[in-house]
Amino acid sequence: MDIQVSAILSLIGDTNGRVPVTSSRYAVNKLKLPVETAWRRWYHNKEVGGYVVGYKKGLVLATVRGAGHMVPSYQPERALVMISSFLKGKLPPYWKGYSGKSQ
């Protein structure tokens, strides 16, 4: 049986003590895949939901702010936004109105 993968999502909680974000980024960087979309914030309800980077060949590395090792149990709404975006073949939302200033 020949299985072909068209996309892979690595979803990491940013408070994960078992598999830290730095270790995951290090491992993915070892693959030396070209970056398609640079490391950036993604948003949910006008708050930073985490960070994401998209690589060619369909790999997406995403963090979820405030989540531990089992991301959906810590941040179910943010996990749903991230997973839904991935299944649609898109990166999670970027809030174009963000200025970086307190509102």
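These are my notebook entries on a few spots in this predicted model.

**Ground rules.** I number residues from 1 along each chain as its sequence is written, and my side-chain values use heavy atoms, with hydrogens and water left out. As the model is predicted, local features need pLDDT of at least 70 and side-chain atom pairs count only at pLDDT 80 or more, while totals for chains, interfaces and linings use all residues.

**Entry 1: Asn16.** I found Asn16 in the loop between β1 (8-13) and α1 (21-29). Helices (H or I, at least four residues) and strands (E, at least two) are DSSP runs, numbered from the N terminus. Is Asn16 buried or exposed? Asn16 has a relative accessible area of 7%, so I wrote down "buried" (under 20%; exposed is over 50%, partly exposed in between, with a 1.4 Å probe and protein chains only). The Asn16 side chain makes a polar contact with the side chain of His69 at 3.0 Å, and reaches the backbone nitrogen of Val19 at 3.0 Å. A polar contact is a pair of N or O atoms within 3.5 Å; within protein, one must be able to donate a hydrogen and the other to accept it, and residues adjacent in sequence count only if both atoms are side-chain atoms. Leaving aside residues up to four places away in sequence, Asn16 touches Ala67, Gly68 and His69 (contact means heavy atoms within 4.5 Å).

**Entry 2: the cores.** Next I looked up the largest nonpolar core, which has eleven residues, including Trp42, Val60, Met82 and Phe86. Such a core is a set of buried Ala, Val, Leu, Ile, Met, Phe, Trp, Tyr and Cys residues joined through side-chain atoms within 4.5 Å. Which element gives the most to this core? My answer is α3, with four residues. Another core, of seven residues, lies apart from it, and Ile12, Val53, Tyr55 and Leu59 are among its members. A handy reminder for me: in soluble globular proteins, nonpolar side chains tend to be buried together. I also checked Phe86, which touches Ala7, Ile8, Leu9, Gly58 and Val60, not counting residues up to four places away in sequence.

**Entry 3: two loop residues.** Asn45 is not a glycine, yet has a positive phi of about 55 degrees. Asn45 sits in the loop between β2 and β3 and counts as exposed, at 59% relative accessibility. I then turned to Lys57, also not a glycine, with a positive phi of about 75 degrees. Lys57 is in the loop between β3 and β4, and its 72% relative accessibility makes Lys57 exposed.
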